[in-house]
Amino acid sequence: MDRRAFLAAGLYGAAASAWPQGAAYPSRPIRIIVPFAAGGGGDFVTRLLSGKLAALLGASIVVENRTGASGNIGTEAALKSAPDGYTLLTVSGTYASQIAASKLAFDPFEAITPLTQLTQETTVIVVNASSPITSLKELIERARAAPGKISYGSAGAGGLAHLETEFFAAQVGIKLNHIPYRGTAGALNDLLAGQIDMAFGSTSSMASHVRAGRLRALVITGASRHRALPEVPTFADLGMAWNAPLLWHAMLAPKGLPAPIAERLVAAITEALLSREVSERLLAENIEPAPGGPEKLMALIRDDAAQWQQVARAIGLKPG
């Protein structure tokens, strides 16, 4: 959905600039913690958004990457900060998958003030361009013939790519060899070097490598083919069902954030996402702006967490 469609749908619309009245906020710099490495999708979205958001709020914004434990270190630090609007948190769908995979030091539902979803995007299964595997059918056949031989990389155990790949493997009845990395970049680099066999990654991070001939895309999630990779079939094109959640990013704050501040932040974030300079850049990177407010975001987190908990139980993954 493009920027014009969002505006036509009336998501905040003209109310985006109608700030609640109250105490002067913000009166000092705002910190946005990104619990992932610099250069990843969450980092890109946050840094792109922060410039426009700073202008709308009239305050400087500092983006802080705090990595580790599949995002849990930075997430915990942000959610234990004062609920004053000066520490925010960018999360991805991994926030929901970690509920299924990790023993968290915070309540993922009660410790937050949900603000709004930021983006969503499809994912794609890719192999190295020199791989003998040329289709999803061949991948499945080879994996069935040699269980555990085909390796795949992810940004860490319990992360979204890990559970999404295992969800796929369980659906088609194959066993793959999981190689966890300390971030998406490491997995992608080894895939490009031929050190691992495949990966389930975001379309935004994989499309350029596919178009350049470095990777081969086998299948893409989503209801229809993607404009960036129109030649790549969907699961439906191949006669297969696919019900796993899409990849997304969202903005949270610690529990107890005063309502006027939360309302101002939601309105400003929404306006920034729908601005031409931000929305067009996101779409150019194959990332879809997807604002919607606190209620929509909380429902998204709960729904995704429930689905990943089902996947974790199915594959015998216990929170650790």
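Trainee: Is the crossing of helix 2 and helix 9 left-handed or right-handed?

Mentor: Right-handed, for helix 2 against helix 9. Keep in mind that we're looking at a predicted model.

Trainee: How should I describe a pair like that beyond the handedness?

Mentor: Two packed helices are described by the angle between their axes and by how far apart those axes are. Here, helix 2 covers residues 41-57 and helix 9 covers residues 259-274; their axes come within 9 Å and cross at roughly 125°. Helix 2 and helix 9 are therefore oblique to each other.

Trainee: Which residues in helix 2 and helix 9 meet?

Mentor: From helix 2, you have Leu49, Lys52, Leu53, Leu56 and Leu57. They meet Arg264, Leu265, Ala268, Ile269, Glu271, Ala272 and Leu273 of helix 9. Sorted by class, this contact between helix 2 and helix 9 has nine nonpolar residues, three charged ones and no polar ones.

Trainee: Can we try another pair? At what angle do helix 4 and helix 11 pack?

Mentor: Helix 4 (residues 94-101) and helix 11 pack at about 40°, and their axes are 8 Å apart. That angle makes helix 4 oblique to helix 11. As for handedness, the crossing of helix 4 and helix 11 is right-handed.

Trainee: And which residues of helix 4 and helix 11 meet there?

Mentor: Helix 4 brings Tyr95, Ala96, Ser97, Ile99 and Ala100, while helix 11 brings Ile301, Asp304, Ala305, Trp308, Gln309 and Ala312. The class count for helix 4 with helix 11 is eight nonpolar, two polar and one charged.

Trainee: Let's zoom out. How many helices and strands does the protein have?

Mentor: There are 11 helices and 11 strands. The radius of gyration is 20 Å, close to the 20 Å that the globule rule gives for 320 residues, so the protein is as compact as a globular protein of that length. Along the principal axes, the C-alpha atoms fill a box of roughly 65 × 40 × 30 Å.

Trainee: In what sense do strand 3 and strand 10 pair?

Mentor: Antiparallel: four bridges link strand 3 (residues 87-92) with strand 10 (residues 247-254).

Trainee: What about the open sheet of five strands: what is its order?

Mentor: That one goes 7-6-8-5-9, with mixed pairing. Its edge strands, each pairing on one side only, are strand 7 (177-180) and strand 9 (215-220). From one strand to the next, the twist averages 30°.

Trainee: How many bridges join strand 5 to strand 9?

Mentor: Five, and strand 5 (residues 123-128) runs antiparallel to strand 9. One place to check is Asn128, whose bridge partner in strand 9 is Leu215.

Trainee: Which strands do helix 5 and helix 7 lie across?

Mentor: Helix 5 (residues 136-145) lies across strand 5, strand 8 (198-202) and strand 9, at about 95° to strand 9. Helix 7 (residues 184-192) lies across strand 5, strand 6 (151-154), strand 8 and strand 9, at about 40° to strand 5.

Trainee: Last topic, the backbone in loops. Where is the cis peptide bond?

Mentor: Omega tells you: it is about 0° for the bond joining Tyr25 and Pro26, which is cis. Pro26 sits in the loop between helix 1 (3-9) and strand 1. Then look at phi: Asn286 has a value near 65°, positive in a residue other than glycine. Asn286 is in the loop between helix 10 (276-284) and strand 11.

Conventions
Residues are numbered from 1 along each chain as its sequence is written. This is a predicted model: local features need pLDDT of at least 70, side-chain atom pairs count only at pLDDT 80 or more; totals for chains, interfaces and linings use all residues. Side-chain values use heavy atoms; hydrogens and water are left out. Axes are lines fitted to C-alpha atoms, for helices over the stretch in contact, and angles run from 0 to 180 degrees between N-to-C directions. Helices (H or I, at least four residues) and strands (E, at least two) are DSSP runs, numbered from the N terminus. Angles under 35 degrees count as roughly parallel, over 145 as roughly antiparallel, 65 to 115 as roughly perpendicular and the rest as oblique. A crossing is left-handed if the near helix is turned anticlockwise from the far one by less than a right angle, and right-handed if clockwise. Contact means heavy atoms within 4.5 Å. Ala, Val, Leu, Ile, Met, Phe, Trp, Tyr, Cys and Pro count as nonpolar, Asp, Glu, Lys and Arg as charged, and the others, Gly among them, as polar. Two strands pair if DSSP finds at least two bridges between them. The radius of gyration is taken over C-alpha atoms; the globule rule is 2.2 Å times the number of residues to the power 0.38.
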